[in-house]
Amino acid sequence: MDTIAAIATGSAASAIGIVRLSGDGCFAACGQVFRPANGRPFSQQEPRKLVLGEVLDCQGRVLDHGLAVRFPAPHSYTGEDAAEIHCHGSPVVLRELLSALFAAGARQAGPGEFTKRAFLNGCLDLTQAEAVMDLIDAETAAAARNAAAQLEGGLRRRLEPIQDALLEITSRFYAVVDYPDEDIEDIRPEEVSQALALAEADLIRLLAGCRRGQVLKRGVRTAIVGLPNAGKSSLLNALAGYDRAIVTDIPGTTRDTVEESVLCGGVLLRLIDTAGLRETEDAVEKLGVARSRRAMEEADLILLVSDDQVDMEPRSRAYWEEFRQLLSAVGGQPAPWIFIASKRDLSGKVAGSIGAWGGENPWHGPAAYVSLSAVTGEGLEDLEAAVAALFPAGDPGEAGSLLTDQRQEDAVRRAGEALCRGREALEAGLTPDAVLTDAEEALDALGELTGRTAREDIVERIFSRFCVGK
């Protein structure tokens, strides 16, 4: 393949910058822009060992002093000849070095092209390639561990026994048909049914962990809702650890949604502080309320914040009507929700309950009741425990085998549905050859997941999400 080059360490100034190359001519290109201090040509340097030298610009002038290393094929990330030049991380120096490499015959690498070449050269399958992006984007230690395990082939190892079992069925069927004179045992219906059932059960277990995988990757979209001045913005600030949202005693301060990502109970929450849900004639506040309702409808988790000072400040009939409407709106959503009694420092309440409201109304009750103070921090640990219980980390042994992408989930689901159809067809009395199409459809879906049968447009879409230089 032709030689590609890219800056691998981003555009911001840093102590160290790295330029990567890959392709048949990368050693020759490096030889024109890097002068080793030991006097030997770059192409003759010891593999996988950094060597000190001078970094040169297009005119052969010394641009910097740095290190370089070469990785002969096939023992490189891409599976082909590859190299790296490490120098000071000045954006100007890196751009000049890249220009010199272009003059030496390299071209600018496209987004994800290094990893795409690793995939095309058989060094990675698609699940491992996607794990590279997950590892780069990881925002929690658990997400990083899962991505690292998947990069080592954790998901592929879960899929291989399923694929092998289906290949055994399809290959034996074709062997019987193509070689009728050979002494090949016919496939018995009960044998096929058992194999399909076992494979289907394995895929169902994979799908069961999909929610945890997606939580690890993108976090939990969490809407903080409540009536005006209930303490929603104070809760956001307490969880964020700084004053992210404006807090005043004036109801209706928050007019638009405010977003922040925080770790709560080891779970990444994408918090959305919303405008107070109430009827209003203010045109701007109406827009904020509409956005609040939309955020609530799209949330994976809802935190309903209530001002827990009822005993200190008796509420009007209108307040309770608005509050009941809010409970009905929150409880009518499919997402789980947590009832949070705020301002514990003022009310003095440590625990409480919304009583029988959940049982007397046509909506599901809260997953937990938490009393807290956003000012003193009292009770925040209870909220963390409630969130952790709703989104458990799961078995550490699952790391690497969790589906973290919609594409992966869709492929596994289609494979499972095909196996289910085949199993049901056998139970209905059809012969094993009638379910061959279903077994092959399942194999194609799993092959799409790993890249064995993925269409070119799917591959292009996956790698277009990568940064240049990876």
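User: Which residues line the largest cavity?

Analyst: In this predicted model, the largest cavity is lined by D134, D137, A138, A143, N146, A147, G213, L216, K217 and T404.

User: Which helices supply at least two residues each of that lining?

Analyst: Three helices each do so, namely α4, which spans 126–137, α5, which covers 141–151, and α8, which runs over 210–218.

User: Switching to helix α3, how many of its residues are buried?

Analyst: Helix α3, residues 113–120, has 7 of its 8 residues buried, so this helix is largely enclosed by the rest of the structure. The buried ones are E113, F114, T115, K116, R117, A118 and F119.

User: What about phi at G122, which follows α3?

Analyst: The phi of G122 is positive, near 80°.

User: Now the surface: which residues form a nonpolar patch there?

Analyst: That patch consists of L50, L52 and L67, which together have about 260 Å² of accessible area.

User: Where does L52 lie, and is L52 buried or exposed?

Analyst: L52 belongs to strand β4, which comprises residues 51–56, and L52 counts as exposed because its relative accessibility is 52%, where the cut-off for exposed is over 50%.

How values were computed
Residues numbered from 1 in each chain as written. Predicted model: local features only at pLDDT ≥ 70, side-chain atom pairs only at ≥ 80, totals over all residues. Heavy atoms only, no water. Patch = residues over 30% accessible without salt bridge, like charges linked within 9 Å, V, L, I, M, F, W, Y side chains within 5 Å. Areas by Shrake-Rupley, 256 points an atom, 1.4 Å probe, with all protein chains shown as cover. Salt bridge = Lys/Arg side-chain N within 4 Å of Asp/Glu carboxyl O. Helix = DSSP H or I, 4+ residues; strand = E, 2+ residues; numbered from the N terminus. Buried < 20%, exposed > 50% of the residue type's maximum accessible area, 1.4 Å probe, protein only. 1 Å grid on protein atoms, 1.4 Å probe; cavity = no way out; pocket = protein on both sides within 12 Å on 5 of 7 lines; lining within 4 Å.
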